[in-house]
Amino acid sequence: MTAVTRRSLLIGGVAGVALATTGTGFPKLEDPFTLGVASGDPRPDSVVLWTRLAPRPLEENGLGGMPDRVVPVHWELAEDERFQRVVRRGVRPARPELGHSVHVEPFGLRPGREYYYRFRVDGHLSPVGRTRTTPEPWVLGQDLTMCFASCAHYGEGYFTAYRRLAEDHPDLVLHLGDYQYEYAAKAADVRTVIGPETRTLADYRLRHAQYKTDADLQLAHSVAPWLVVWDDHEVENNWADDVPEQPDPEFPARRAAAFQAYYENMPLRRGARPDGTDMQLYRRAQWGGLVNFHMLDTRQYRDDQACGDGWKTCADAALPTRSITGAAQEEWLLDGFRRSRSRWDVLGQQVFFAERDRKDGPEKEVSMDGWDGYLASRDRVTRGWVDAGVRNAVVLTGDVHAHYAADVKLDWNDPASSPTVGTELVCTSVTSGGDGNDTVDEVQLRLNPHIKLHSRRRGYVRTKFTARELRADFRTLPSVRTAGARATTLKSFVVEDRNPGLNPV
Ligand SMILES: [Fe+2]
């Protein structure tokens with residue numbers, strides 16, 4: 001835009017303002033609903049409703065073109081899409097210190113129901129979102145369609161996978177991290193990432209805003225409640241607790257800024273609001289008596305990657321003191337296993353859980369960033385669910401930009417004769433890594449016979465939980481560097497009740 005047209009637009013804007021002041025005496029805002037709407041963290045009687053006001057979402061200061069004042073946001077929740085049966089309504093202040101985000105938590109809703117919601121500011125109506133409450137804790141008969149995804153780099157492709165996921169009409173969506181990437185634009189990108197590598201609150205706010213302007217992502221948020229957990233790139237590549245990728249005295253401030261912007265831009269409950277460098281993200285969500293989701297945070301409390309990170313043969317990875325969850329989260333998780341009466345217990349988490357050895361012969365070479373780099377942690381968690389008598393344990397994973405499906409073994413020293421005690425489903429990236437390809441890593445499959453699927457295509461995983469089985473469809477797209485690709489099912493597996501491990505369909 002030239003300086004002249006920009007100036008004349010501004011003048012036009014000011015003229016419009018004089019005509020359109022609101023009852024509050026402030027100038028009327030331009031349409032602030034450029035980032036869509038979202039919902040999340042459903043319970044039987046409540047669900048979080050989210051939006052963030054940003055009439056000019058790509059402004060460099062990350063403030064989205066909002067004035068430095070509190071703006072009242074009207075919200076409505078209805079049983080029908082046309083808002084003829086409104087069951088709750090209210091007003092929430094959008095505050096500058098929270099990036100003009102709102103997180104509404106209506107209570108007293110009916111369990112296992114679909115609802116519709118929207119927001120209104122200065123006569124502007126937001127898009128309509130659809131959401132759900134969870135069934136009551138004892139209900140087993142209400143099946144669950146859940147899609148999960150991870151790793152969406154805005155520059156490396158179009159978010160078509162989010163659109164295809166939305167078209168599956170899931171009841172629930174899990175996002176397992178790398179919702180966004182911290183990097184500045186690269187020459188090879190198909191879309192232009194705005195702003196420098198994210199370090200400040202303004203940077204992270206702007207990055208979230210650019211992502212949220214994506215129509216495919218907005219659609220996916222608007223069809224179902226999400227349960228989100230971050231991985232590393234929401235802050236910085238491979239960070240571990242207070243240890244950044246490269247030495248950086250400013251890292252605590254960077255981490256705090258990233259947490260703040262993450263909270264502002266996600267449909268999270270108030271309890272997740274960060275306090276400086278701390279944010280309570282691990283939590284549980286219960287889908288009736290059918291599924292108990294244990295959503296983990298394997299970044300904030302972990303010990304630093306052993307042997308300098310990367311793929312290593314590393315004795316230190318086995319040190320019993322090492323933890324990927326931290327002691328408090330581990331105790332919370334093991335306690336959750338002991339208390340669970342659910343048909344399925346699902347770990348919604350970030351990094352590869354099963355062993356992935358890439359070296360022939362008795363010596364193992366594994367990734368220090370996944371659970372392979374925290375062997376005692378993995379043993380305690382696996383034995384924890386076995387000892388607690390968890391009926392069906394399923395681990396969900398993102399991070400590795402490839403679809404995988406694996407049987408989880410009790411003892412990785414002798415996987416061939418060790419019993420299968422759980423199942424791991426790993427979703428590929430939405431876009432990270434670009435189009436991907438169809439080459440299968442045959443060596444990896446031979447060295448790790450518990451791994452039953454590997455694909456480097458982009459996509460997501462669609463699951464259906466019933467009382468009798470879990471079905472997983474691994475969805476892939478032929479391209480993400482062009483928009484609008486169709487999704488197809490590459491491979492499906494079924495896991496039967498009380499029979500851990502994968503059965504090809
Ligand atoms: Fe990633």
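Predicted model: local features only at pLDDT ≥ 70, side-chain atom pairs only at ≥ 80, totals over all residues.
**Cysteines and the domain contact**

Biologist: What makes Cys307 partly exposed?

Modeller: Cys307 has a relative accessible area of 37%, a value that lies between the limits of 20% for buried and 50% for exposed, and therefore the intermediate term applies to Cys307.

Biologist: How do you know that Cys307 and Cys314 form a disulfide?

Modeller: Their sulfur atoms are 2.0 Å apart, and the cut-off for such a pair is 2.5 Å, so the pair qualifies as a disulfide. The link is right-handed, with 80 degrees about the S-S bond, and the structure holds one disulfide in total.

Biologist: What makes Cys147 and Cys427 count as buried?

Modeller: Cys147 has 0% relative accessibility, and Cys427 also has 0%; as the class requires a value under 20%, both residues belong to it.

Biologist: Turning to the domains, which residue ranges does the assignment give?

Modeller: Domain 1 covers 6–132, while domain 2 is made up of 144–179, 230–242 and 277–504. The contact draws four residues from domain 1 and five residues from domain 2.

Biologist: How far apart are the centres of the two domains, and how much area is buried between them?

Modeller: Taken over C-alpha atoms, the centres are separated by 34 Å, and the buried area is about 440 Å², with carbon and sulfur atoms giving 46% of it.

Biologist: Why is the pair Asp41 and Arg283 called a salt bridge?

Modeller: The closest N and O atoms of Asp41 and Arg283 are 2.8 Å apart, and because the rule asks for a distance within 4 Å, the pair meets it. Across the interface of domain 1 and domain 2, the rule finds two salt bridges. The side of domain 1 that touches domain 2 has one nonpolar, no polar and three charged residues.

Conventions
Residues numbered from 1 in each chain as written. Heavy atoms only, no water. Domains from an automatic or database assignment. Contact = heavy atoms within 4.5 Å. Buried area = accessible area lost by both parts, 1.4 Å probe. Salt bridge = Lys/Arg side-chain N within 4 Å of Asp/Glu carboxyl O. Nonpolar A, V, L, I, M, F, W, Y, C, P; charged D, E, K, R; others polar. Buried < 20%, exposed > 50% of the residue type's maximum accessible area, 1.4 Å probe, protein only.
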